[in-house]
Amino acid sequence: MLTMATNGTIPKEQWAMVVEKTGGRTVDAACVYKQIPVPVPGPDEVLINIKYSGVCHTDLHAMMGDWPLPVKMPLVGGHEGAGVVVAVGELVKDLKVGDLAGIKWLNGSCMACGFCRQADEPLCGEPRLSGYTVDGTFQQYAIGKAAHVARIPQGTDLKAVAPVLCAGITVYKGIKESGIRAGQYIAIVGAGGGLGSLALQYAKAMGLQAIAIDGGEEKGATCKTLGAAAYVDFMTSKDLVAEVKAATPDGLGPHAVLLLAVNEKPFQQATEYVRSRGTVVCIGLPANAYLKAGVFDFVTRMITIKGSYVGNRQDTAEALEFYSKGLIQAPFQVVGLSQLNEVYQKMHGGQIVGRYVVDTSC
Ligand code: NAD
Ligand code: ZN
Ligand code: ZN
């Protein structure tokens with residue numbers, strides 16, 4: 001039993017970008033723009049008319065089959081979807097038709113296991129992952145478990161808020177996990193990309209000094225605009241480790257490192273330049289990557305290395321609150337949903353500064 005849609009007209013068919021097979025680690029398995037049925041929400045779910053969706057590098061990993069986690073096929077990717085609630089299941093009490101809401105990577109979890117009970121739901125053993133194990137936001141109508149849907153305040157610009165729904169939540173959580181305090185230095189690796197550009201804004205809002213690491217002059221200029229105290233170009237630097245350390249006033253290196261890059265090398269370098277007793281937070285998920293750190297250095301410098309994976313419902317609310325206060329303004333470009341394949345090509349080539357957001361109406 002569903003409540004009525006606002007205008008009473010939820011269509012039967014909708015436009016979507018559909019992956020029909022993974023690329024076997026090439027970007028060739030492009031998506032097909034086609035009409036598919038509009039899904040019907042269950043009792044504890046909502047149907048959201050997605051207006052805009054950010055494109056995360058995770059969507060590209062999914063399409064290429066990069067990870068040792070089976071992906072649904074055929075698949076509608078996407079997990080940074082912002083839109084309007086058009087139908088709610090009968091058990092849903094705190095969301096109504098017309099509310100603004102967002103679908104994030106964690107579409108749902110069991111809510112009964114030890115992790116869910118303690119609001120550590122990203123660690124649930126039975127997660128529903130948007131755009132991976134369930135269809136995501138590269139379609140006009142998507143389903144989310146009501147408990148996990150992001151509540152977006154009325155009046156919010158949906159295209160600008162979309163990247164917060166994965167990139168924003170993830171980097172905000174990662175910064176918290178690092179244990180860093182206001183005034184300290186954080187290296188952000190992959191700072192010119194989607195997660196990185198938001199990380200620079202969260203770092204600034206949280207009173208941190210950011211050392212941005214990425215490649216190319218355009219990304220460097222953007223990182224400076226977003227608040228970076230220093231920029232180190234991994235493509236031209238002769239000694240990246242020394243340069244990152246030199247960017248801190250006492251030369252001892254940053255107190256924390258946020259690793260957002262999509263290849264393995266920077267994961268090895270981070271333990272070399274992080275300050276003694278500092279924390280390296282791994283967030284990027286390059287295919288087949290391993291972490292290697294010299295045990296002697298690691299022990300005698302008391303370094304912490306940890307992973308950080310999206311955020312829980314509270315992190316979501318907090319990350320959105322920073323946005324609503326006007327503190328998070330990262331660059332994004334809007335293109336039609338039908339142009340998603342071109343976005344993937346650019347992303348694969350490392351050519352995207354900030355985020356691409358797709359408009360589901362074209
Ligand atoms: P993106 O493509 O927008 O950005 C990646 C950036 O890394 C690019 O700007 C690229 O130039 C830069 N880069 C590449 N090699 C580098 C190097 N050696 N040194 C410094 N920078 C380098 O990707 P994104 O959407 O920001 O996602 C980044 C990664 O985070 C992906 O692997 C994605 O799957 C992962 N991710 C993880 C979580 C999580 O919860 N842990 C959540 C979202 C995304
Ligand atoms: Zn993501
Ligand atoms: Zn659970």
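Which residues line the largest cavity? The views below are of a predicted model, in which local features need pLDDT of at least 70, side-chain atom pairs count only at pLDDT 80 or more, and totals for chains, interfaces and linings use all residues. Residues are numbered from 1 along each chain as its sequence is written, and side-chain values use heavy atoms, without hydrogens and water.

**View 1. Lining of the largest cavity.** Lys104, Trp105, Leu106, Leu165, Cys166, Ile169, Thr170, Val310 and Gly311 form the lining (residues with an atom within 4 Å of a cavity point; on a 1 Å grid over the protein atoms alone, a cavity is a set of points where a 1.4 Å probe fits but cannot get out). Six of the lining residues are nonpolar, two are polar and one is charged (Gly counts as polar, Cys and Trp as nonpolar). The space in this cavity is about 50 Å³, and the whole structure has three cavities of 30 Å³ or more.

**View 2. Strand E12 and its pairing with E11.** E12 (residues 209–214) is largely enclosed by the rest of the structure, because five of its six residues are buried (under 20% relative accessible area, 1.4 Å probe, protein chains only). Strand E11 (residues 185–189) pairs with E12 in the parallel sense over five bridges (pairing needs at least two DSSP bridges). Ile188 stands opposite Ala212 in E12. With helix H5 (residues 194–205), E11 and E12 make a right-handed β-α-β unit.

**View 3. Strands E12 and E13.** Four bridges join E12 to strand E13 (residues 230–233) in the parallel sense. Asp214 stands opposite Asp233 in E13.

Note on methods:
Chains are lettered from A and ligands numbered from 1 in the order in which they are written. On a 1 Å grid over the protein atoms alone, a cavity is a set of points where a 1.4 Å probe fits but cannot get out, and a pocket is an open set with protein on both sides within 12 Å along at least five of seven lines; lining residues have an atom within 4 Å of a point. Grid points are joined across faces, edges and corners, and a volume is the space filled by probe spheres set on the points. Buried means under 20% relative accessible area, exposed over 50%, partly exposed in between (1.4 Å probe, protein chains only). Helices (H or I, at least four residues) and strands (E, at least two) are DSSP runs, numbered from the N terminus. A crossover is right-handed if, with the strands pointing away from the viewer, the path from the first strand over the helix to the second runs clockwise.
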